Amino acid sequence: MGRASTVLQNSEQGAALVLAVICLLCVGVLVGTAALLGLAERRGGQSFVGIQQAHGVAEAGAYNALRAWDPVEYSQWVSGSSRRFTGITPGQGIPYSGEVRRLSSLLYLITAEGTDTRHLSRQRIGVVARLYALEVEPKAAVTMRGPLSIGSDAVVVGNDLDPMGWDCPGEGGLVAALRLPPKDSIQSLEILCPPASCVVGAPQIYADSSLTLDTLTTLDGLSLDQLRDLAWVVVPGGLVRPTPRASNATCVTAASDNWGDPYGAARPCGRYHPLVYVTGDLEIRGGTGQGVLIVDGDLAVSDGFTFVGLVVVRGAFQSSGVGNRIDGALIVANTELTPISIAGASVVQYSSCGLHTALIASARAGLLREWGWFQAY
Amino acid sequence: MSEPTRSQHSRSADRPAHRRGFTLLELIVSLVLAGIIGAVAVGTTVSCARFFRRQSERVEVQRNLRVAASLFVSELRGLNAAGGDLIETGPSSLVYRAMRNTSFLCRVPDAIGETMTVEQETSFGLRNIEAGRDSVLVMLEHDFRTEADNAWVSAGVVSVASAVCPEASPGLRIGVGGLTEVSLASALVGAPVRAFQVTDVRLYRDGGGVFWLGFREWKPGSGWSTVQPAVGPLTGEGLRLVYYDTSGNETARPDEVEMVGVTIVAAGSRPPGPGWLWGGEISDSVRILVALRNNSRW
């Protein structure tokens, strides 16, 4: 009896074990598969979040590159030039990288690639940046107010010409030689040279009642003080002889008296057109430069100073000596209505080419107004 | 092994009252116990299977939601409503210009031959530009001194061929139709060229009555293609589109849209079998807001 009972118990134990194992296996397989599905789902969700995060990082990279625009370097590039950049996002510190490339005289392409925090997803976007130059149309070689005297050897020409050695399609037309407020008790004009040959333009004199201190010290909606924030070079005033400076075939843009090389396009500083802001009275004796020169004081030039671009003076302007030349435009606000003298063998030649090249070179960059953003994949 | 002796065999056969076996009670008890254990085992297995099925459905539903959300985000954020990228806006459908490629001119366009050449090195997008399928938007720079007169013109792509850009870099020559010489003459080197195809995304019901997120595209020569299901199944109200202007108010004007609100409701795929076996229907939804990145900024 004892042996038979033992045999029966052994059989029962065996069946239960098999059944239990089968049940456990079934449940285990189902639970395991469900767990795997859950894991896959979790990874899918993380991947989705990662892609969106990487996209955000790439966008941050592109816009940071736009915010950290380096006009000094980028303006000197020829089309096709490029530079890589890297950075991290504020806060989470996720790295991004990208490239700025010049497409044309006005357009740049910024591409940026970002990853998520786990570096599992990558996204790349691109933005097209455009240079937004100050829209300044002086409509004359010299725009100013207050008493003006033009010396016997001076020339003011409104014929639109390219600066010597420059090759850009200018307007080729005629603008006024002088743009002045209408004559009154303050406004006076004395021309000592033969007027028909030394003050040339169409019209010769453009009497503009809209010229005020305010309009002459505001460029494209920006006051001269605001323009100081955009300046590449700030000079305290005093005596200066601007001279192009290069080292190892590279233009030394850190030198405050280097204002570019207007007659050496192929030389290192030939493409450097700085926005120079002078905080006080300035005397320039000789030298050369190009770009936009803003003087928050009086300006006196002599000894053959040559400049291509736009010159804006808040105070008075005097030129004397031989060989002074401005190709572009001269604006004199003359806050104190001091008598102004363009004397000596000085030339102020209107040049839309020189003017707009300087304005574009010193322009701010911004996103293209429309369709400037794209997914670069 | 020894066989049982005769005396042992006859002793056990002659005494049936003492033979080992189950009483009726034992049998009933054991059957009931076995039944309970079996029912528990089957119940556990069925609920595991149901759990597994529902989890699978949930995963599928959520995957569909993610795919649909990704599609809408990537399709809509590169649009410019003010520039005409939204063509027809409906509550469960949208016809728009889907951006497919961005390239840049590497040569001055041939205004007479109506061709333009783009550089391949700076070509970005989901795919290359295709003739007969895509149109292009080209930026014109009339007067470089001001941005105010910049404009974009669109034209159909009639041919695409290999070409060479300056400095021997590979390019693509794109033949376009419908652009005037004057327009092409104002497209300068470096100008962006954006290729797009007119696309319709909508809630679509197939022959079996299942709802899908469907896409179809417009081809200039042949019209609309048939709707292709992209994501599904969705519920009968599986796609809701709401359009917002710059103030955050709903707008019916396509050119005023600044942001698109997209609600997607996905349903699970019902397996064959009775409802009690698999449980109720599963659905889930997601709502996203997509800001249009390319709208005119001033």
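## The largest cavity

The largest cavity is lined by 16 residues. Nearest its centre lie A:Gln375, A:Tyr377, B:Ser74, B:Met99 and B:Arg194. This is a predicted model. The volume of the largest cavity is about 140 Å³. Four cavities of 30 Å³ or more are counted.

Several elements each supply at least two residues of the lining of the largest cavity. Chain A provides β28 (373-375). Chain B provides α2 (24-76), β2 (93-104) and β4 (124-125). β2(B) gives the most to this lining, with five residues. Sorted by class, the lining of the largest cavity has seven nonpolar, six polar and three charged residues.

## Where the chains meet

The size of an interface is often given as the accessible area lost when the parts come together. Here, chain A and chain B bury about 4,400 Å² between them. Carbon and sulfur atoms hold 63% of that area. On the chain A side, 43 residues are in contact with 51 residues of chain B.

Four salt bridges are found across the interface of chain A and chain B. The side chains of A:Glu41 and B:Arg66 also meet in a salt bridge, at 3.3 Å from N to O.

## A residue in strand β5

B:Ser135 is found in strand β5 of chain B, which covers residues 135-140. B:Ser135 counts as buried because its relative accessibility is 17%, and buried means under 20%.

Which residues is B:Ser135 in contact with, leaving aside its neighbours within four places in sequence? They are B:Ala155, B:Gly156, B:Val157, B:Arg194, B:Ala195 and B:Phe196. Of these contacts, B:Arg194 is also one of the residues nearest the centre of the largest cavity.

Technical notes:
Residues are numbered from 1 along each chain as its sequence is written. Chains are lettered from A and ligands numbered from 1 in the order in which they are written. This is a predicted model: local features need pLDDT of at least 70, side-chain atom pairs count only at pLDDT 80 or more; totals for chains, interfaces and linings use all residues. Side-chain values use heavy atoms; hydrogens and water are left out. On a 1 Å grid over the protein atoms alone, a cavity is a set of points where a 1.4 Å probe fits but cannot get out, and a pocket is an open set with protein on both sides within 12 Å along at least five of seven lines; lining residues have an atom within 4 Å of a point. Grid points are joined across faces, edges and corners, and a volume is the space filled by probe spheres set on the points. Helices (H or I, at least four residues) and strands (E, at least two) are DSSP runs, numbered from the N terminus. Ala, Val, Leu, Ile, Met, Phe, Trp, Tyr, Cys and Pro count as nonpolar, Asp, Glu, Lys and Arg as charged, and the others, Gly among them, as polar. Buried means under 20% relative accessible area, exposed over 50%, partly exposed in between (1.4 Å probe, protein chains only). Contact means heavy atoms within 4.5 Å. Buried area is the accessible area (1.4 Å probe) that two parts lose on being put together, summed over both.
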